[in-house]
Amino acid sequence: MEVDDREFSRVAAGRPQADAWRNGLIVLTAVLGAAFIVRGRDDVVHLAWWLQWWIAFLLVVAFASLIRAVFLAYAAASGEGDRLRRDIDAAKRWTIAGLSMIAMALLVVWLSPVAETARPLMKVEYDAGTTCGPVSFAHDGYLVVATRYVVGPGDVVDTKVWIPVDKVSRLTEVPACP
């Protein structure tokens, strides 16, 4: 019985490609995993909670896709004939899916609005009186209090009071402003 040399040559030609895909996918998955672990959650922590969960979901699906692609590349490297070609094509599709999920997660991080953080209300006593509201510090030695003033019946104006830091006598956190 004769052996068909065409089948062996087709398998032999496909194995280096499958080996290259396997090695490339392992490196890609390791580099992306290390980048996300080293980078941490700094970009995501200021987003709304549901965006944080959406990004986590996308990244989990992305890494699962990349791991599936690695296993398919391993199967292609040890496969034969028609299966070798199918496994390489499937590994390519899973790789594209995983990278697309990572790209979507990055776009969500970059394009999402940052959740507003509530600053505590502070009662500020200073030389000229007392005011209440969220406090921030200006670069030039001033304390800035965002407050509301009633200027007439039913008329409320949002304003900022700039107080020199050296004029502040007491700063107290309060649950609500009077």
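## Pocket and sheet

S2 contributes 5 residues to the lining of the second largest pocket, the most of any element. The model is predicted. S2 and S3 are the elements that each give two or more residues to this lining. The volume of the second largest pocket is about 200 Å³.

Which residues line the second largest pocket? Thr130, Thr131, Cys132, Gly133 and Pro134 do, together with Ala146, Thr147, Arg148 and Tyr149. Cys177 and Pro178 complete the lining. By class, the lining residues divide into 6 nonpolar, 4 polar and 1 charged.

Now the sheet. It is open and has 5 strands, in the order S4-S3-S2-S1-S5. Pairing is antiparallel. Strands S4 and S5 are the edges, and each pairs on one side only. From one strand to the next, the twist averages 40 degrees.

| Strand | Residues |
|---|---|
| S2 | residues 129-137 |
| S3 | residues 142-152 |
| S4 | residues 155-164 |
| S5 | residues 168-173 |

How many bridges join S2 to S3? There are 3, and the two strands run antiparallel. Phe137 stands opposite Leu143 in S3. In general, strands of a sheet pair through backbone hydrogen bonds, either parallel or antiparallel.

Notes
Residues numbered from 1 in each chain as written. Predicted model: local features only at pLDDT ≥ 70, side-chain atom pairs only at ≥ 80, totals over all residues. Heavy atoms only, no water. Pairing = 2+ DSSP bridges. Helix = DSSP H or I, 4+ residues; strand = E, 2+ residues; numbered from the N terminus. Axes fitted to C-alpha atoms, helices over the stretch in contact; angles between N-to-C directions. 1 Å grid on protein atoms, 1.4 Å probe; cavity = no way out; pocket = protein on both sides within 12 Å on 5 of 7 lines; lining within 4 Å. Points joined across faces, edges and corners; volume = space filled by probe spheres on them. Nonpolar A, V, L, I, M, F, W, Y, C, P; charged D, E, K, R; others polar.
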